[in-house]
Each structure stands twice: as C-alpha cells, then as structure tokens.
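This briefing concerns the aromatic side chains of the structure shown below.

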Amino acid sequence: LLFFPNINDDYIITSSNYIGNNKEASATKIFSLNNGEYIKYIFNSNNYYICYLLSWYNKKNNKYYLVELAYNNIIINNLLENELYCQLKLNTEGFHNSGFIFNKENNEYLCSSSTKGYINLWDLNNKILFKVIHINGSFLMHIINWNNKYIIVADLENYSAKIIDIESGQVISNIKHNSRVVSVKKVYHPIYGESLLTAARDNTIKLWII
C-alpha cells in the first residue's frame, strides 16, 4: 500500500504478489484517495510478483514515478502517464523485499535488498547499477536508511538486524534477535531519542536504543 501526496489528486496504490491475467486478483492498481474510485492499473504489473512499492519524484524532469520491487526485477513507471521509465534487473537477485530512495551530491539513488543477500545501489537518473554489497548466507528483508553513513537491514536467515557502512560496504554490527527478523524501522522516542524497532517472526517487536 502506497500513498502519493502533493500532486493534483491524492492517490492510494496497492500491489499484489499474484501473477495472472485476472487483474482483479493481480496487478498494481491506482485508486483515488478522495472518493475511493478505481483509476487504472499499472501496465504489465500483473506479470510480476510485486514485493514492495516506493514513490519517487524525479526533480530533474518534475515527474512522479512508481517503483515496483519484484522478483528478479525492479520496474519504474510514470505514475500518471503510460510510460515505462526503466527496468533494473540482475538475475542473481531473487525477491526484492524492500528499498528506499536517497539523494547524494544532487543525484538520486535507489537502495534495494534481496533474498540472496544483495544490497544494490542504483543510479536512478542514469539508470545504471552504482554499487553492490553482498552479504553471504543472508536472506535480506526490510531495509532502511539510518543516516548518510549507515543502512540497517533485517536478515531473516541469521535472526538479526545488520548495520552496514554504506561507503565501505562492510557489516559493522549485528543486532541479534530471538527469532527471524522481518522488519526494521527508525523512530524518535520521546525519552531515548533516535531508536530502532525490530519485528520478528515470533510476533515480538523490540526497541533498541543508542
């Protein structure tokens, strides 16, 4: 589920991990947030196992894009026009379970995680792979941008959240959990300040403080 603010209309977007010709059960769909009416589906999205959605406003051409993270594929479409911006694909990836977009030196990048232990940084403006971080033996789930130096990713296979230095690509710390970690989230706690939440398969959520 994805919400697009600050455009002429407010949209809400849903995705599906079902592949098939029945677009009621599959495909990424756009609805009006104002009245709930169905607007359209994203072309060809019914042919991909969609895991995660991101919104991207391209400051260089002033257009809104929908980023669909899927199995072995990342598809970026113009939100309002029937235009495919690009497909980013590496056959080693597996499922792209999460990602985020960040700005560096006036350029925009997509950071994506995969079930085969890859964290890829894509140059969105030039549509090329910028950097690869590979963590052997990991099954990576939700990923967040902690700050300009570190990213944190949930490692399902190793019952942990990993803190990674973006520049060196090295894992600098493992936050161990009692169960398989599926999600991480940065929060600002009224007492502890910047903190980390981890959610795991044992139905627990833990708060970690600096």
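A residue counts as buried under 20% relative accessible area, as exposed over 50%, and as partly exposed in between. Tyr-71, at 40% relative accessibility, is therefore partly exposed. The model is predicted, and its count of aromatic pairs comes to 10.

**The pair Tyr-71 and Phe-95**

- The rings of Tyr-71 and Phe-95 form a tilted aromatic pair, with 4.6 Å centre to centre and 50 degrees between the planes.
- Tyr-71 lies in the loop between strand 6 (63–70) and strand 7 (73–78), and Phe-95 in the loop between strand 8 (84–88) and strand 9 (96–104), so this contact ties together parts that are 24 residues apart in sequence.
- Phe-95 has a relative accessible area of 29%, which means that Phe-95 is partly exposed.

- The ring centres of Phe-100 and Phe-102 are 5.9 Å apart and their planes stand at 50 degrees, so the pair is classed as tilted.
- Phe-100 and Phe-102 are both buried.
- A cluster linked by ring pairs contains Phe-100, Phe-102, Tyr-109 and Phe-130.

**Charges over rings**

- Lys-127 places its charged end over the ring of Tyr-85, 4.3 Å from the ring centre.
- Over the ring of Trp-146 sits the charged end of Lys-186, 4.8 Å from the ring centre.

Key:
Residues are numbered from 1 along each chain as its sequence is written. This is a predicted model: local features need pLDDT of at least 70, side-chain atom pairs count only at pLDDT 80 or more; totals for chains, interfaces and linings use all residues. Side-chain values use heavy atoms; hydrogens and water are left out. Rings of Phe, Tyr and Trp (its six-membered ring) pair if their centres lie within 6.5 Å; planes under 30 degrees apart count as stacked, over 60 as edge-to-face and the rest as tilted. Helices (H or I, at least four residues) and strands (E, at least two) are DSSP runs, numbered from the N terminus. Buried means under 20% relative accessible area, exposed over 50%, partly exposed in between (1.4 Å probe, protein chains only). A charge sits over a ring if NZ of Lys or CZ of Arg is within 6 Å of the ring centre and within 35 degrees of the ring normal.
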